Amino acid sequence: MSLNGVLSNQFALSLRNILGKPDPPEDFQAQNVTSDRVLVSWSHGFDGGSPQFFRIRYMVKGSEEISNVDVLPTNATVFMITGLEPGTEYSFALMAWNVYGESGYTENEVVAQTTEKARWPKMTLRNPAVRGGKPNSEPILQVKIAHQTNEMDNVLQNLQSAVESYPWPVEP
């Protein structure tokens, strides 16, 4: 484009006030859910030109009682919320704040349901040795299974068989 025979370029320049409240965090989501905790993650938004902090708001879905937790360290992008009730649906929101103000909570509400608390099986192996003419029933090993699978069932059956077939001494 030319203006009186002089070549010129025109462009628009937007200036953003670099000091102010932060933008809301982005990509807020639940990553891992167990019976009593939820791991949430997010990406930082614009920090407003000042160190930003994060606060998570959560509540039992449908409840009026709100809990807040401030996230440390300040540059975190994941946080584990603990002490939740098993088998309960929770709603989570996240905000950023700095010395200039608060971003407001994330628009997308993250909903996660904690799992039911597992009832882990327990197995007790008893010493089949005979003491004083009576079978000994004292436990020699107690196993509490943290995660039961078909393979674990096979291992426990083999272990029980090994204990029962061991030639335990007979005491008078």
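A: A residue counts as buried under 20% relative accessible area, as exposed over 50%, and as partly exposed in between, with a 1.4 Å probe and protein chains only. Of the 172 residues of the protein, 27% count as buried. This is a predicted model, in which local features need pLDDT of at least 70 and side-chain atom pairs count only at pLDDT 80 or more, whereas totals for chains, interfaces and linings use all residues. Residues are numbered from 1 along each chain as its sequence is written, and side-chain values use heavy atoms, with hydrogens and water left out.

Q: How many helices and strands are there in the protein?

A: Helices (H or I, at least four residues) and strands (E, at least two) are DSSP runs, numbered from the N terminus. The protein has 1 helix and 14 strands. As for contacts, which mean heavy atoms within 4.5 Å, residues 24 or more positions apart account for 60% of those in the protein with a separation of 6 or more.

Q: How many salt bridges does the structure hold?

A: A salt bridge is a side-chain nitrogen of Lys or Arg within 4 Å of a carboxyl oxygen of Asp or Glu, and the structure holds 3 of them. One joins Lys61 to Glu109, with the closest N and O atoms 2.7 Å apart. This pair links distant parts of the chain, 48 residues apart, since Lys61 lies in the loop between S5 and S6 and Glu109 in the loop between S9 and S10. Lys61 is partly exposed at 39% relative accessibility, and Glu109 is partly exposed at 45%. Another salt bridge joins Asp70 and Arg55 (2.6 Å, N to O); Asp70 lies in strand S6 (residues 67-70) and Arg55 in strand S5 (residues 53-60), so the pair ties together parts that are 15 residues apart in sequence. Arg37 also forms a salt bridge, with Asp36, at 3.3 Å between the closest N and O atoms.

Q: Which residues does Glu109 touch, not counting those up to four places away in sequence?

A: Glu109 touches Lys61, Ser91 and Phe92.

Q: What cluster do ring pairs form here?

A: Rings of Phe, Tyr and Trp (its six-membered ring) pair if their centres lie within 6.5 Å, and planes under 30 degrees apart count as stacked, over 60 as edge-to-face and the rest as tilted. By this rule the count comes to 4 aromatic pairs. The rings of Tyr90 and Phe92 have centres 6.2 Å apart and planes at 35°, so this pair is tilted. Both Tyr90 and Phe92 are buried, and ring pairs link Tyr58, Tyr90 and Phe92 into a cluster.
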